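Please keep the sequence and the structure in view throughout.

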Amino acid sequence: MQSFPWDNHSSVSEFILLGFSRDSQINTILFNIFLFLYLSTLVGNGLIVTLIHLDSRLHTPMYFFLSVLSILDMSYVTTTVPQMLVHLIFQKKTISYVGCVAQMYIFLVLGITEGWLFSVMAYDRYVAICYPLRYKVIMTPWLCGAMAIFCGLWGISCSLVYTVFTMRLPYCGPNEINHFFCEVPAVLKLACADTSLNDQADFILGFILLLVPLSFILASYVRIFATILKIRSAQGRLKAFSTCASHITVVTMFCGPAMFMYMNPGANASPERDKKLALFYNIISAFLNPIIYSLRNKDVKRAFLKLTGSSKASE
C-alpha cells in the first residue's frame with residue numbers, strides 16, 4: 001500500500017469538523033440557505049458554460065475565460081459544500097485524514113488557478129481596449145489555451161507545496177477543526193509542533209499567489225483606464241469601462257478575503273472570522289459571479305433569450 005510522506009508524523013486518523021453551530025435548529029436554517037446557494041451556483045455557472053458553448057457569437061477569448069471561471073467555480077464549491085451540508089444535518093461530522101488532505105489540496109488547486117485566471121482575464125481586457133485592431137491577432141486560440149493551462153499547472157504545483165508543507169507536521173490530538181472544511185490555517189492550529197515556519201511560508205506563498213497576480217491586474221487596469229480617458233465620446237468611455245466593471249467586482253470579492261486569510265499570521269487568526277471569510281471567497285463569490293456577468297452583459301442576455309426561444313432575441 002502506498003504511503004504518504006506525512007503518514008509517520010501523525011497519530012490522528014480522522015478529523016472532526018465543528019462547522020458553524022451545535023444547535024440543530026440553526027443548522028437546519030443554514031442547511032437550507034447553503035443548499036439554495038449551492039444549487040443556484042451550479043445552475044448559474046452551468047448556464048453560462050452552456051450559453052458560451054452553444055452561441056457562436058460568444059466564441060471569443062473573453063467568454064472562453066469566463067467559461068473556464070464558471071467551471072472552476074462549480075468545482076470549487078463542490079469541493080466543500082456537499083460535505084458541509086451533510087455535516088449540518090447529521091451528528092457525525094468526521095473526515096478521514098486522507099480525505100482532509102485531498103480536500104485541502106483540491107481546494108487550493110482550484111483557488112490558486114482561479115486567482116491567476118483573473119490576471120489572464122485582465123490581460124485580455126487590456127489587449128481588447130488598448131489594442132482593439134490587433135486583438136484577434138494577439139489573443140489567438142492557442143495563446144488563450146496556453147494561458148489557461150499555465151494557470152492550472154501553477155495551481156497544481158503550488159498547492160502541492162502548500163499541502164505537503166502543512167501535513168508534514170505531526171497531528172496527535174485534539175482532532176477538532178474549528179471550520180467547515182479542511183483549510184490550511186484551521187488545520188495548522190491542531191499541529192503538535194511550532195508552526196511559525198509555516199506561518200512565514202504561508203505569507204510568502206500568499207504574496208506570490210495573490211499579490212503577484214493582483215499586481216498584474218493593477219498594471220493592466222492602469223493602462224486600460226489611461227486609454228479609456230483618451231476616448232472622446234462619453235458613451236464610448238462608458239462602454240469600455242462596463243466591459244471591465246464585472247471583472248473588477250469579481251476580483252475584489254475573491255482576492256480581498258483570500259488575501260486577508262492567507263497572509264495573516266496564525267496567532268492573530270480568529271476561527272469565527274476565518275469561517276466567514278472562507279464563506280465569502282468559497283461560496284458567495286461563486287454564487288454571485290454568474291449574476292454579475294449576466295446582468296451587466298448584453299451578449300449573455302441575448303444568448304439566453306435565443307436559447308429559450310424568446311422573441312426578444314431577434315431584437
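Which residue does a disulfide join to Cys-100? The model is a predicted one, and in it the partner of Cys-100 is Cys-182, with an S to S distance of 2.1 Å. Cys-100 belongs to helix H3 (residues 97-130), while Cys-182 sits in the loop between strand S3 (176-177) and helix H6 (184-188), so the bond ties together parts that are 82 residues apart in sequence. The link of Cys-100 and Cys-182 is left-handed, with -125 degrees about the S-S bond. Both Cys-100 and Cys-182 are buried.

A search of the whole structure finds two disulfides. The other bond is formed by Cys-172 and Cys-192, whose sulfur atoms are 2.0 Å apart. Cys-172 is in the loop between helix H5 (141-167) and S3, and Cys-192 is in the loop between H6 and helix H7 (196-229), so this pair connects parts that are 20 residues apart in sequence. The link of Cys-172 and Cys-192 is likewise left-handed, with -135 degrees about the S-S bond. Cys-172 has a relative accessible area of 47% and is therefore partly exposed; Cys-192, at 32% relative accessibility, also counts as partly exposed. When the bonded cysteines of the protein chain are numbered in sequence order, the pairing reads 1-3, 2-4.

Other cysteines remain to be considered. Cys-144 is in no disulfide, and the nearest cysteine sulfur, that of Cys-151, is 11 Å away. Because its relative accessibility is 3%, Cys-144 counts as buried. Cys-158 counts as buried because its relative accessibility is 10%.

Attention now turns to the helices. An unreviewed UniProt entry carries the annotation "transmembrane region" for residues 29-52, 64-90, 102-123, 143-165, 203-226, 238-263 and 278-295. Over residues 29-52 the chain of the model is 100% helix and 0% strand, and the end C-alpha atoms are 35 Å apart. Over residues 64-90 the chain is 96% helix and 0% strand, with 40 Å between the end C-alpha atoms.

At the start of H1, a side-chain oxygen of Asp-23 comes to within 2.9 Å of the backbone nitrogen of Gln-25.

Rolling a probe the size of a water molecule over the atoms shows where empty space is left. The largest pocket holds about 840 Å³ of space. It is lined by 27 residues, of which Met-62, Lys-239, Ser-242, Thr-243 and Asp-299 are the closest to its centre. Helix H2 (61-89), H3, helix H8 (234-262), helix H9 (271-295) and helix H10 (298-308) each contribute at least two residues to the lining. The largest share of that lining, eight residues, is supplied by H8.

Key
Residues are numbered from 1 along each chain as its sequence is written. This is a predicted model: local features need pLDDT of at least 70, side-chain atom pairs count only at pLDDT 80 or more; totals for chains, interfaces and linings use all residues. Side-chain values use heavy atoms; hydrogens and water are left out. UniProt positions are given in the numbering used here, feature names are shortened, and annotations may be inferred rather than shown by experiment. Helices (H or I, at least four residues) and strands (E, at least two) are DSSP runs, numbered from the N terminus. A disulfide is a pair of cysteine sulfur atoms within 2.5 Å. Buried means under 20% relative accessible area, exposed over 50%, partly exposed in between (1.4 Å probe, protein chains only). A polar contact is a pair of N or O atoms within 3.5 Å; within protein, one must be able to donate a hydrogen and the other to accept it, and residues adjacent in sequence count only if both atoms are side-chain atoms. On a 1 Å grid over the protein atoms alone, a cavity is a set of points where a 1.4 Å probe fits but cannot get out, and a pocket is an open set with protein on both sides within 12 Å along at least five of seven lines; lining residues have an atom within 4 Å of a point. Grid points are joined across faces, edges and corners, and a volume is the space filled by probe spheres set on the points.
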